[in-house]
Structure formats: C-alpha cells, structure tokens
Amino acid sequence: MNFIASHYLTLILFFPALAAVIMLFLPRDENKLLRWFAFGASLVPFVLSLMVWVNFNADQPGFQFEESYVWYEAIGSSLHLGVDGLSLTMVLLTTLLTPLAILASFSITDRVKPYMMLFLFLETGMLGVFMALDLLIFFVFWEVGLVPMYFLINQWGSANRDYASLKFMIYTMGGSLGLLLAIQMLGVLFGTFDLVSLYRQWNSLTADRVLLGMSVHTVKTIAFWAFVIAFAVKVPLWPFHTWLPDAHTEAPTAGSMLLAGVLLKLGAYGFLRLILPLYPVEAKMFAGALAFLAVAAIVFGAFAAYGQTDFKRLVAYSSVNHMGFVVLGIAAAGLASGTTDAAIALNGAILQMFNHGLSAAGMFFLVGVIYERTHTRNLEEFGGLFPLVPVYGGILIFTSMASLGLPGLNGFVSEFLVVRGAFPILTVYTAISMLGLLFTGAYILKGIKKVLHGPVNEHWAHGEHKLTEISTREILVMAPLMALILWIGIWPAWILNVINKAVVALF
Amino acid sequence: MTTETLIWLIPLPPILAFFLIVLFTNKSKALSHTIGVGAAALSWLASMVVFFRAIGVEHLGEHPFESSLNWLPTGDTFLKIGVLIDPVGAAVLFFVSITIFMIFLYSVGYHNFGQPKGDHDVAGLPPHGATVEEHGRKHVVPSIEPMYSRFFAFLGLFAFGMYTLVVSDNLLTLFVGWEIMGLCSYLLIGFWYGKPSARNAAIKAFMTTRVGDVFMLLGIAFLYWATGTLSFREIFTEETLHILGTTMTPIFGLSAAGLIALLLFIGTVGKSAQWPLHVWLPDAMEGPTPVSAMIHAATMVSAGVYAVIRMFPLLTTDFNGHELTTAMSVVAFIGAFTALFAATIAVAQNDIKRVLAYSTISQLGFMIAALGIGAYVAAVFHLITHAFFKALLFLGSGSVIHGMEHGVLHTGNHETDPQNMFNMGGLRNKMPITFWTFLIGGFALSGFPILTAGFWSKDEILADAFGHGHMAVFITLAVAAFMTAFYTMRQITLTFLGEPRTKEAEHAQETPWTMTAPLVVLAFFAVTYGWVGIPEHFPLFGGLVPNWFHEFVGGTLAEHPEALEFNVVPLLTSLFVALGGLFFGWLAYRNVQTPAEDKFQIPVLKNKWYFDEAYDFLFVKPAYWFSETFVSAWMDKGVIDGILHTFGKVTQFLGDIIRNYFDLPVINRFFGDGTADATQWVGRNLRPIQTGRVQQYFMLALVIFIVVGAALYYLLLA
C-alpha cells in the first residue's frame, strides 16, 4: 500500500500504457477477453484517482502527490508530476470517461485488440498532459495523445475518415509548432523546463533585459501567441474550429466521446496552466482579442450547430459553442486577475470544462447508439422515434437539457458562474454571448424535434429496420454521466470547492 | 416540525413523484397517478400548514420564516440559497397549492382513467376512443391516454418548479424553478408530440420564453455583481437599494436598479406572455387542457408576475409616489398595452381555449400595469383571484371539450372540431355542473359586481390607477375590461346558451366527478376570495369584513402602502364595463349561428395582428438563413475551410514545383541518374581492356608501372 500511496500519479499515468502492452500478448480473436481486459484495466486508474481525490487536501495551496524522476538531464527536463485542484478535476474526468468510452465500444468487432490498445495509450497521453509539471513532458504527452486518436479516426471512422483524420492531425500539429519553439526558448533561457521554477523565473524578468536580441516584451508577446494558437486550435476557438466537426463526425463513437470529453479540455487546460500564470501581462493586454474569439465561437458555434442536418455534426458544433464559455471566463480572468469576479469566472470556466466533458460525451454516445442501429445520422431520416424507443428518448432529452444549460443540471451552474464573472469585466462581450445561449436552446430543441418528435416513424418501426431500444450496457454507460450531471446541478459544492480553492491559490 | 423545515419540504413530494414514476412505476397507471396525486396532496397539506402558521404571525413582513445554507463557493464567500415565506409568499403559496392539487385530480378524469385502451391509440397522439361491446351492441367510448403515467410525472416536475419558485428566498433558485417550469411547459405542450402543430408549439414556447430568460440571466448576473448577493432580503435593504438607485448606467439614463429591474422584467415579458413576446401562449393550447390550466393559471404565467412582485422594491427605487420612474413607465406601458391588445384578439377567436389564452395575456397585462404604477397589493390580489377563476375556466373548457369529444365519438364524425365554439351551443342542459361553474368563472373574469372575486381585484387596480392620476393607464384598462366582459359573454353564449348547433353538441355528456369536483372547489374560491380584500371605504360593503388582504400582503413591503381613498368614478366605471360588456356580449351573440354572422371576425384580429407572420419574416427566416447559409455554408465550409484547402493546395503546388523542377531534374536526373549514367559510361568504356588474358594484364601493369615511375621520378627528384 505504501508503494501505491507514494506513486499514485505514476501509477495512474502509466497503468493504461502498461495494460496496452500486455494486451499485445493476448490472443487476437478473443474479443470478449480483450474487451473486458481493457475495461478492467481502465477502471484501475479511475479507482486510483478516486483515492487521490479523497486524499487530496483542497486547503493546501500548490501541487500535491508530486513525483519527480530524472528524464533528460542534459537539457534539464525531468518527469515531474503533480496535481492541484485544477488538474485533479481533469484527471478525474479523464479516468472516468475512458472506461465509459471502452464500455461504449463493446459493439466494435473489427480488430478489437489494436482498437482497445489505442484507447489505453490515448488515456496515458491525456493524463500526462494534465499531470505534467515539466514543459517538455507536457509537450511530449500533448503530441502522444494525437497519435492514437489519428489511428482511431483513420481506421475505425466512417466514410470521410481519411480527410478528417488528416485534417485533425495536421491542424493540431501545425498549431503546436509554435508551442514547441516557445517551450524550447524557455528551456534555453533558463536551463530548465520545470514549470514550478519557470513560473517564478519567467515572471521575475525585468523589462530591460534583452533576450535573443529582442526586448523581453517582444519575446513574451511572440511566445504568448505561440502558446495561444496551439491551445486555441485544440479548444477550439473560432476561427480555428473547422477540424472539429469533421473529426468528431467521422470518429467512432467512443473516439468522439473522448475527443469532446477530454481532448478539447487539453487546450483549455493549457490556457489555465500555462498562459495565465506565465503571461499575466500579455493575457491582460490581449484579453479583448481572446474574448472576441471566444464570443465568436459561442455565437457562430451555436448558429452553425443550428444549421446542421447531420445529428453528429450538430453535437460537434455544440462543443464549439460550449467551450467558448470556458475561454470567455479565462479571458475575463486574464483581464481582471485577482478580483472576485475573476475567481468566479475561472470557477465557472473550470467547472464548465468538467460539465462539458460529461454532457458532450453523453451526447456523442447517444448519437452513436442510434447511428449503430440505423447507419445514418441524417436528421431528415429520423423523427417520430420517441414511441419506438421511449427509454432512449428520455435519456436523450435529459442529456440534451444538460447541454442546453437547464438550471438544476450541471451546465447551468458553470455557465451562470462564467456569465456572472465575466459580466462586470467584459460586459459587452457577455451580453453578445447571450445570443449564443439563446441559440443553444434552438439547436438542442431542433435535435430533439428532428429525432424524437413527430408522427411515428414507420420506416424504423417494422421489419428489418426495426429500431431496438437502448440496451442495458448502453444504459450503464449513460448512468454515471447522468448521475453526475444531476448531482453537480443540484449540489455543485463538492467539486466546486476543490476548484475554487485552487483558483484562489493560483490566480 | 419547525415551519422552516416544513417549507424546505414543500417542493419535495412532486419531484420525488417525478423520479418514482419515471424510474419505477411508469408501467402501472394506477400506481403512477396515486403517487402523483398523493404528492400534490402532501404538498398542499404542508402549504396549508405553513400558510395558517404564517397568518398567525404578527408582523410577518419584518420577521418572515426563513432559512438558508451555503450553496456555491465563490472566491472567499458563498452564494447562499434558502427558503422564505413572507406575506406575499404565503398568499401565493395558498392559491398555488390549491390549484395544483385540483389540476392533478382533474387530470385523472381528463385522461380517461378507468376507460379501456384505444383501438388505434399510439404514444404521442391524443386517444381516439375504444370500441366496446355491450349487450351485443358495439359503440365507441373514450379511451385512456397511452402516456398516462408520463403525464403525471411531468406534472410533478412542473409542480416542483413552481413550489421551488414560490418558496425561494433568492433569485437564483427562483430562476431554477422558473426554467424547470419552462422545460415542463415544453414537454407538456409537446405532450402529443406526434402532432406537428404540438411539436412546433412546444419549441415556440421554449424559444420565446428563452429570449426573455437570457436577459433575465444578465439581470441576475448584474444584480449579483452589484450587490454581492441574490437573497431578496439582503438586496432590499434601504442601504443597498439606495446604492443601486444612485449608481447610473450608460443605458437610457437608467439607474442600476432600474436597469436590473428592466432586465429581469424582460424575463417576465417572456414568461407571462406580454407583448411583444406573447406569441407562444395561444399556441400552447396544443397541450392537454390540465396543462393549459397549469401553465396559464396556477403556475408559469403567474411566475412571471410573481417575479416582478418580488422585484418590486427594486423597480420602485426612487419612486416618489407620483411620478413614475423610467423603468416603471416601461412596465406600466407594456402591461396596459398588452391588456388591451390581447383583448382585441380574444374577441375574434373561435377556439374555446384560445379565447381563454388571450384573456390570460390580457389579465396578466392588468397585473403588470398595476405593478408599473406602483399598485402592489392590487396586483397581488388580482394575481390570486385570477389564478382561481382562470384555472376554473380552463378546467371548465377542458370539461366542455371532453363532453364534446364524447359527442364526436358517439356520432363518429371526426370532422367536427370539439374545441370550436360554433359547434357547441345549448350545453347548459347537457353539462350543468360545468355550466354553472363556468358561468361563475366567466363572471369573475368579467368582474361581475360585488359577488365575484374578479370584481374586487380589478376594481382595485382601476381605483389605484385613477386615484394616483395615471389616466392613460386607467382608460386603457377600462376599455380592456369592457372587452373582457364582452368576449366572455360571447363565449358563454356561444357555448352554453341557445340550442345545440351540431349533433355532437346534442350528445355531449357531463364529465366524471374527478373533473367536476375541482371545478366546484375552484368556483368556491372564485367567489369568496374577493371578500378578503374589500376596501374599507367601499359603500355598503366596506368594513363588513376587515380588509385582511391589504393588511397582510401590504406588510411585505418595508413601507406599508396607504389604503386608497374611495372615489366614485372608478367604481362606476367598473360597474359599467362589467355589466355593459356582459350585456352587449349576450345581445350580440344570442342569435349567432355561424362564424359568418359574427361581426367581429375581422381578419386583422383573427390573425392576431399578424405578429406570427411578422416574426417569421423578421427573425425566424433570417435565423435559418444565417445559420444554414451564412455560418455553415459560407463561413465555415467556404471561407475558413477554403483558406485551409487553399493552404493545402499551395503546399501541394510548392511540393510539385520542387519535385518537378528541382528534385526530378536536378537531384534525380542530374545528380542521381547523372552519377549513375557517368559510372555506367565509364564502366562500359573500360570493358574492352578487361580481356581476361594474363599476358595483356602484365603488359598493362608494366606500362602503368613505367609511366607512374617516370612521373614520380620526374616530380619528386627533378
């Protein structure tokens, strides 16, 4: 037990990868074994992160459960891991969603072994980003996460998968080029990639220093935008978002769940972990620009979602809309850091990340459930399915309402906090974002109307097309998500307490 | 149990009923409605206990029942939520709990509990009737609603939302209840989702109210920021109100208090269906009738007015008692205009429920206008009396429709619209209980003098408007009141009086006790509730019963409102508009048989002043174009992806150039192939000397030896 207790983070981080390697030696055709093995393996990090959550002391500022191992001594990079309230929330989200995504994939029959292995590798990649306290390690995991997702889309995706996977890969990598350069520059300047010491050194640079032949101000501005673009692509902010609908739509169901549930959070996490602490001055200076892009994402994302005829694309665009609120909160916090308003906005932004993880994963799964049965995502071919699949319909309405931000469910709490926090700081932008909130309602209702409501759909009611009700396994995937959605909606204090204390300590 | 604990518990039974029915008992209709009605009864009981304890407390306004707890950590502090029952809360709780309970009970009968399953009924459509054989004869009887259990679940959730709203001590949970009701109205209006009209109406209701809600959300955020709290009693301290009243905003010269009040008021405009966001409410008639009563009387629309009542101190900050502030003028204008505007439409409607829908909009306008001119108690009074008689009227109309549907099943002619009043007539003999209760409700709505509750509350609003010199509001409301009485009598005449105009009406039948009992209970309150608020100076009746209502509800405000001096002008006006309207309504319609004979079927009124068409043209169509064409097709697929694809193409093009003009010719052909070619050429040309004869090799070696030797000798030694 002692070993476990002192190595929580490394265990959580590498267990999935280790399990994936073990899977290599399992028989290829035993689908049942492979599925259950992967599912079981993904539960281990979840249990461990629950233990971390329980043992985490929210009142203590700074990082906890820290571990550090020499990795690349010559350039001063080490495998430094640690969590605070912000990253722990994200770790919990990741370890929760991965088992659910794997459970959701039990219906996959094509090359189960590599499929499951990729998911486990993906989990390690995502967790690494949230735990890393070393910039280089951060970047390594940042890119590691891309590869499994690329193959998942490219190999198990639907019709237009080549285009989508390539777009996803190139877009994200293109975005992170600047990030890599900026990280290298920091490493060269300070001889270390360790985040904790960089926070200190980088911010204590006086303005009259000359770095690489340029003023500190110029260097920082360039580095700031390099970081911003990398994260903006990932979040995604308008106008860097067009990879998202393609990638989400073409990815297999479980892939979309994690893509929307966790991968998008990597970008927002980057803003919180790196940009706000490393570039407080620039974040304040360019907060207006960030807010503009965020509001554009909120408004255009909502309108674009409303304009879709493909169910999955509609849900995909909803992510653009929802993640916009995260960045709006971040921009507000950047402009007025240290105030109560900023703290409230950040609370909202971080909670919104978690909430969106729950509801978006749920929505994508539900789209997948119906796609698996009908092999179409075209909204025009649905309608009138409610009498055929009442349980599915109820679950879909519930999850949609969470996505819509209905008070009493989780989305409302976070959106309210963002709006409350951003309102006094970025009044006009917040007011404009209300237009997006209005149309969030429009596209959600459009989805429900086009899928469930209307006269009984005869095409899917009989014979070979007969639509079957959601299965027990599928309900089990949704049950934890729905329980959390409701719980956070009614009593958010348990999670917001951890977030709030981290926010107060950090910013 | 302490009263505070009891207040916390009031909203719980309906929500538990919702979860129980959804998760466990939905297969059993009997169990589901038992749970639903039982939960409503429990909440009603708890509300009554709280109400009677509340009226026993002296100075409840200063010392209300309240209790709160920390909900959201925000930086260093917490956002608290809690419950509060002050006089106005108690008064509202009283009528809400009664109407909700009655509606639950009524739904049992309305959805034909105990009847057989329909022959062709499917979930999502209203039941079409079942064929039964009795004594060897087949006939069609009403069939039970296929989604019976679900209906009670939704009602439970709805009731939860309303109770939450009423007992809230803060704007946030009020908003939570508000939005939950919004969802429920969406679900219930679209209850028969198989009908395209119902599903469109549901979306229209949700979206229209959401327009108001987003403004309200902004108002809440503003208020929370400006005061650091959302609890009513913390906001409405003199100090806070003073700060809010003196802080100026750049918008229309409004003070912060005024701006916040207006932002919140826009939420009410949506929820209480005031012009210009009134369009959803008539369409909401697509839902089952108990829903209409729930939405239009007991709960949702009242919630909008209730929110303004709650925010009254904010709205009237800086109000000196005479000159309306900007915010108040806006509220008064919207209310008065809506009251008249909706009444003009109601005159031309033929659907029995739609008439009531427009009359609801109009009556809510009365309340809003009353609040706008600062007549706080009058507004609360009218809110409550209206809730009773309007719930009565809606349930009554549902009973009429039910009776008519019976007739339709009997004749088998499904072409006859059981909601069209021109298909009715003479129902007073067929459905006596419904008739008498409907008559009471209708007279209360018209403000029939002395007897009905509606007279007292409407009269108080008119008296207040007159007494404080708001003549424009007074005249508008008086005209609206006249039209109210007129269209109400038109409705009663067309429906109940005269002779049956169709075979279906001839075969209409009185409804079961579960439907008529609520009508009787509500009729009781539609009469008696007015007596608790008779002004003291009223001729003859004043002072017989103490004006309890004014004392009690007025106590909510920090400044107890003065009782108004009696004036004969508004009283005569009230009498004239009520009696005159009723008389002319009867006179004009007593002999009308077909819509063609109806002089008020004016196209512009019939088509509701073309607001639906205008909104469609101005907002709905552009929104489609903007999202489908502009954002999706042009911006995302065209411009942004276009740039990306161009980027890809340029890269490809550069790659091609490098390949075709450098890699291929220079590297491949020149260096690569060139080196190979050269080597090959040398090799080929050297082949002749590779003869395989040792003598020749020696000869060659000798020659080279001599040549190299000579060269070395020459270079090194010479």
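Here are legends for a few close-ups of this predicted model.

**View 1**
Start with the confidence scores before zooming in. Helix H4 of chain A (residues 85–104) has the highest mean of the chain's elements, 93. At the other end sits strand S3 of chain A (residues 210–211), whose mean of 70 is the lowest.

**View 2. Helices H5 and H12 of chain A, packed at about 25°.**
Here we're looking at H5(A), residues 112–131, against H12(A), residues 253–278. Their axes lie 10 Å apart. Angles under 35 degrees count as roughly parallel, so that's what to call H5(A) and H12(A). The crossing is left-handed. From H5(A), look for A:Leu122, A:Met126, A:Val129 and A:Phe130. They meet A:Leu258, A:Val262, A:Leu263, A:Leu266 and A:Tyr269 of H12(A). The contact comes out as nine nonpolar residues, with no polar and no charged ones.

**View 3. Helices H14 and H15 of chain A, packed at about 160°.**
This pair is H14(A), residues 287–306, and H15(A), residues 311–335. The axes of H14(A) and H15(A) are 7 Å apart. Over 145 degrees counts as roughly antiparallel, and H14(A) and H15(A) therefore get that label. H14(A) and H15(A) also make a left-handed crossing. As for what lines the contact between them, there are 19 nonpolar residues, five polar ones and no charged ones.

**View 4. The side of chain A that touches chain B.**
Now for the meeting of the two chains. On the chain A side, 43 residues are in contact with 41 residues of chain B. The chain A elements that put in two or more residues are H14, H16 (340–374), H17 (390–404), H18 (410–425), H19 (427–451) and H21 (493–506). H19(A) gives the most, with eight residues. By residue type, this side of chain A splits into 27 nonpolar, 13 polar and three charged.

**View 5. The two assigned domains of chain B.**
The domain assignment gives chain B a domain 1 covering 376–606 and a domain 2 covering 614–692. Taken over C-alpha atoms, the centres of domain 1 and domain 2 of chain B are 77 Å apart.

Definitions and conventions. Residues numbered from 1 in each chain as written. Chains lettered and ligands numbered in written order. Predicted model: local features only at pLDDT ≥ 70, side-chain atom pairs only at ≥ 80, totals over all residues. Axes fitted to C-alpha atoms, helices over the stretch in contact; angles between N-to-C directions. Helix = DSSP H or I, 4+ residues; strand = E, 2+ residues; numbered from the N terminus. Parallel < 35°, antiparallel > 145°, perpendicular 65-115°, else oblique. Left-handed = near helix turned anticlockwise from the far one by under 90°. Nonpolar A, V, L, I, M, F, W, Y, C, P; charged D, E, K, R; others polar. pLDDT = per-residue confidence, 0-100. Contact = placed C-beta atoms within 7 Å. Domains from an automatic or database assignment.
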